[in-house]
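Welcome! Take a look at the structure below, and then we can walk through some questions together.

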Amino acid sequence: MYKKISSLWISLLMSLILFCGEIHVGAYLGINWGRMATQKFVPSMVVDLLLQNGIPELRLFQPSLHVLDAFAETNIGLIITLQENFLKNIIEQKQIDDYIHERVKVYSEKGVKFRYVYVGNEPFTKSLYMKKQFNGTIRFLNMTRAALDKFNLPDIKATTPHFTDVLTNVSKPSEGDFREDIKGKMLGFLDNINRTGAPFVIHMFPIYTVYRYGFDVDFAFFDNKSKFKIVDGNNTYTNLFTFIYDTLVSALAKAGYGDMEIVVGQIGWPTDGYVSASEQNAERFHRGLLKYIAKKEGTPLRPNRDIDMYLLGLTDENMVVTDYGPYQRHWGIYKHDGVPKYKIDFTLQDRDVKPSVAKGTVRMPNRWCVFDGKTDHNETLVLRDYDFACEKSDCTAFGSGATCDHLSFTEKVSYAYNMLYQMGNQDMRKCKLLGAKMTTNNPSTPDCDFPIEILTAEVVDGGSGLTKKY
């Protein structure tokens with residue numbers, strides 16, 4: 001099993017991070033780590049990856065206690081998230097106090113470096129899934145700030161991240177504003193974080209926005225190979241990132257907060273599940289993005305400024321809700337087995353390198369569950385089992401333009417059967433579908449990988465429950 005990293009190894013790698021940090025003083029590059037997956041990296045493995053790759057900041061979606069233990073004395077800055085499933089049960093201040101004491105105060109004393117506490121997630125988005133959210137954002141922000149102050153943690157800021165759909169659709173960044181239906185709540189939120197010195201955190205999905213606006217897809221990349229550009233007065237925009245960023249700057253200025261700090265809480269490019277989602281495009285996007293950030297050029301409305309951001313994300317999550325599209329399960333820079341998908345230089349030096357491979361993963365045996373393809377099976381019953389397998393596993397690689405969209409019917413059934421089998425830790429009972437059989441011959445095609453998962457000992461508790469009182 002994967003054990004603790006030696007203290008000497010951690011010390012050496014911390015020195016590397018500090019060295020890399022000197023390259024981009026004043027700004028930081030972090031990464032998101034979600035664990036909504038059937039096979040997960042153990043926390044000590046993630047610490048090792050961050051240290052080896054010089055990544056100094058991490059957002060945790062599920063701050064379980066054993067995960068926080070792994071980050072003690074690592075000098076890695078953490079963001080933790082108070083999840084909606086926890087907040088919806090909050091009745092009194094003591095509940096927030098207990099949570100902040102157990103997961104922030106105690107671990108601060110153990111040497112965990114916290115930067116932000118996110119209170120909820122994208123409460124004003126128009127997504128159908130997120131419409132189920134409650135309207136207690138400001139109340140919970142105040143309660144969280146009160147708890148942090150109670151335990152003398154003034155440097156840890158409380159804020160809430162928002163998706164780009166809080167902004168109106170515009171043709172020019174100068175027209176940027178917040179949607180009318182949320183403007184009142186947004187103004188209250190801005191007043192709150194302004195008083196406490198917290199940043200506005202924005203989540204950007206360039207692949208989603210470029211198609212939503214009907215822009216040329218090349219506009220999403222920093223090496224824009226098309227002639228598409230947007231002229232806004234004296235400013236010219238040749239990429240989507242600066243367009244979105246300055247649209248937010250304009251919206252904040254109209255609300256009276258033109259100088260408010262902005263943190264890009266999520267940004268990345270998926271590798272599957274949608275048109276233009278591929279490993280090649282993900283590498284191209286990140287190379288351009290990080291090269292741009294390293295230059296510290298800022299944007300037309302905020303020139304010559306550092307931009308702090310968190311990439312999305314460390315690994316794929318095959319159980320995450322796909323409310324924006326199937327590609328949401330394919331943000332990972334790493335595959336489930338700990339192998340990086342493409343080249344990316346987290347140190348912002350634009351080196352042509354792949355990140356370090358995760359150490360300690362154990363690949364399951366080379367066994368696949370596939371459909372035998374026999375024509376005497378009842379097609380209706382085969383389709384029933386196919387639908388069942390996809391519903392209980394992950395068939396997002398079948399999306400329009402995705403890597404497995406071209407498969408034949410027999411191959412698609414095989415893929416679905418195999419995903420159910422692999423996500424069930426190769427439990428033979430998962431291969432009891434109509435026409436299913438075991439094989440040791442890899443059924444992958446040149447474009448579509450039939451994966452084998454890794455063994456996992458991780459159970460995600462969501463980080464939402466208290467385990468003790470004080």
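**Disulfides and a covered helix**

Q: Is Cys-448 buried or exposed?
A: This is a predicted model, where local features need pLDDT of at least 70, side-chain atom pairs count only at pLDDT 80 or more, and totals for chains, interfaces and linings use all residues. Residues are numbered from 1 along each chain as its sequence is written, and side-chain values use heavy atoms, leaving out hydrogens and water. Buried means under 20% relative accessible area, exposed over 50%, and partly exposed in between (1.4 Å probe, protein chains only). Because its relative accessible area is 1%, Cys-448 is buried.

Q: Which cysteine does a disulfide join to Cys-448?
A: A disulfide here is a pair of cysteine sulfur atoms within 2.5 Å. For Cys-448, the S to S distance is 1.9 Å, and the partner is Cys-404.

Q: How many disulfides does a search of the whole structure find?
A: Besides Cys-404 with Cys-448, Cys-390 is joined to Cys-395. Cys-369 is joined to Cys-431. The search of the whole structure gives a total of three.

Q: How many residues of helix 2 are buried?
A: Helices (H or I, at least four residues) and strands (E, at least two) are DSSP runs, numbered from the N terminus. Helix 2 covers residues 43-53 and is mostly covered. Its buried residues include Pro-43, Leu-50 and Asn-53.
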